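Dear colleague,

I am passing on the structure below for you to look over. After it comes a short account of what was found, with the cut-offs given as the terms come up.

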2 protein chains.
Amino acid sequence: MNSDTEPLCFTENEASSSNLLEFLLLCGKLKETKRKGWVDHHIRYPESVSDHMYRMALFCFCSCPNHLNRDKLVKLALVHDLGESLVGDITPHDGISPEEKNRKEAEAFRKIRDEYLSSCTVGQELYDLWNEYENNLSEEAKFVKQVDKLEMLIQAFEYERGKNDWFDRILFLNAWQPRSTYGPFGFFHELIALHS
Amino acid sequence: MNSDTEPLCFTENEASSSNLLEFLLLCGKLKETKRKGWVDHHIRYPESVSDHMYRMALFCFCSCPNHLNRDKLVKLALVHDLGESLVGDITPHDGISPEEKNRKEAEAFRKIRDEYLSSCTVGQELYDLWNEYENNLSEEAKFVKQVDKLEMLIQAFEYERGKNDWFDRILFLNAWQPRSTYGPFGFFHELIALHS
């Protein structure tokens with residue numbers, strides 16, 4: 001049984017079947033969307049946005065503190081960058097203000113909700129998950145924001161190891177600065193130490 | 001609060017922190033592992049194994065029938081090919097019997113449980129999810145097996161559309177044959193019709 005109380009997303013009719021296909025084709029764009037930060041750092045064949053969200057989901061699955069809802073963490077991880085299927089991956093170096101980025105992403109999620117998934121309630125659910133993440137509305141959202149940065153840090157470590165060349169320390173330290181001291185994340189001190 | 005009754009995966013000590021990093025580095029290999037079926041079909045820059053599992057997770061999230069547990073579907077989707085981080089993507093055309101493939105994957109999940117995640121219970125949980133999927137032990141597992149094939153079918157459609165060239169019809173029909181007639185999957189009839 002679903003733990004949620006909402007009615008089920010897709011009902012068994014042709015219209016919703018077509019919508020589901022369109023939505024899944026949209027999700028497929030995340031496989032083709034390369035993470036902009038790596039493209040800017042001239043990484044060849046960098047990871048996709050969906051690669052990133054996949055590992056974040058497993059990261060959350062394996063490191064959820066006792067007081068948080070693990071299923072919620074996984075959902076937030078899977079949904080938080082979904083808007084990039086419509087607006088692409090915008091980084092702090094693209095000259096777009098955080099407010100404008102937020103506006104574009106909100107618009108993307110409204111489009112997903114009102115056009116791609118208009119025949120079911122799951123669109124609203126996706127919107128609410130993004131909103132919760134984006135606006136730090138829960139402890140789970142705050143945790144996943146940390147995981148977002150930490151997963152990037154591991155990926156930077158992997159690319160650097162492969163190239164035997166270090167990225168800009170600033171990138172690392174910016175990602176690290178606001179991180180939690182939650183125990184299982186202690187290994188990031190080791191990664192940072194490698195940059196010292 | 002976690003819905004599971006197991007004790008939490010990672011405790012707050014240095015040993016488990018190192019294990020978590022090693023496990024996440026292992027998961028990173030799924031970003032580099034290209035889906036073998038596409039490599040064999042000479043697709044340039046094909047999707048990764050984690051790309052595939054990511055869209056499967058969203059697919060499950062949006063098409064879960066009322067009588068199934070949606071969180072379980074998402075977890076099965078995220079975990080079912082995780083063993084490929086150790087054994088690679090084995091396809092039916094690799095000359096490896098299904099029994100041997102199963103044996104290799106079981107060994108991979110035991111290694112994840114007993115070495116990478118030995119300090120916590122999440123390793124056993126991952127093993128159990130894989131076992132449930134692999135051996136069709138629940139209605140959720142059977143559903144995710146369909147989604148596995150259907151996601152592949154959509155990806156084939158996308159690659160074919162991009163190339164304006166069709167793959168081997170056999171690939172398509174084999175993937176389609178055992179599929180359910182569950183309503184939201186009706187759009188696959190359209191994809192199949194394109195091959196007729």
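**Helix packing in chain A**

In chain A, helix H6 (residues 98-116) and helix H7 (residues 122-134) pack with their axes 8 Å apart and at an angle of about 160°; helices here are DSSP runs of H or I with at least four residues, strands are runs of E with at least two, and both are numbered from the N terminus. The axes are lines fitted to C-alpha atoms, for helices over the stretch in contact, and the angles run from 0 to 180 degrees between N-to-C directions. H6(A) is therefore roughly antiparallel to H7(A), given that angles over 145 degrees count as roughly antiparallel, under 35 as roughly parallel, 65 to 115 as roughly perpendicular and the rest as oblique. The crossing of H6(A) and H7(A) is right-handed, a term used if the near helix is turned clockwise from the far one by less than a right angle, with left-handed used if it is turned anticlockwise.

Before going further, please note that this is a predicted model, in which local features need pLDDT of at least 70 and side-chain atom pairs count only at pLDDT 80 or more, while totals for chains, interfaces and linings use all residues. Residues are numbered from 1 along each chain as its sequence is written, chains are lettered from A and ligands numbered from 1 in the order in which they are written, and side-chain values use heavy atoms, with hydrogens and water left out.

H7(A) has 13 residues and reaches 18 Å from its first C-alpha to its last, close to the 18 Å expected at 1.5 Å a residue, where the expected span is 1.5 Å times one less than the number of residues. Of its 13 residues, 10 are buried (buried means under 20% relative accessible area, exposed over 50%, and partly exposed in between, with a 1.4 Å probe and protein chains only), among them A:Leu126, A:Trp130 and A:Tyr133. Just after H7(A), A:Asn136 takes a positive phi of about 50°.

Taken as a whole, chain A has 10 helices and 0 strands, and of its 196 residues 57% count as buried. An unreviewed UniProt entry carries the annotation "domain: HD/PDEase" over residues 45-162 of chain A; such annotations may be inferred rather than shown by experiment, and their positions are given in the numbering used here. Over residues 45-162 chain A is 72% helix and 0% strand, with the end C-alpha atoms 13 Å apart.

**Chain B and the cysteines**

In chain B, helix H3 (residues 49-63) has 15 residues and reaches 21 Å from its first C-alpha to its last, and 15 of its 15 residues are buried. The axes of H3(B) and helix H4 (residues 70-79) of chain B come within 8 Å and cross at roughly 170°, which makes H3(B) roughly antiparallel to H4(B).

Two loop residues of chain B deserve a check of their backbone. B:His42, in the loop between helix H2 (36-40) and H3 of chain B, has a positive phi near 60° and counts as exposed at 69% relative accessibility. B:Asn136, in the loop between helix H7 (122-134) and helix H8 (139-163) of chain B, has a positive phi near 50° and counts as partly exposed at 35%. Most residues other than glycine have a negative phi.

The structure holds 0 disulfides over all chains, a disulfide being a pair of cysteine sulfur atoms within 2.5 Å. For A:Cys27, the nearest cysteine sulfur is that of B:Cys62, 6.7 Å away. A:Cys27 is buried at 1% relative accessible area, and A:Cys64 is buried at 0%.

With best wishes
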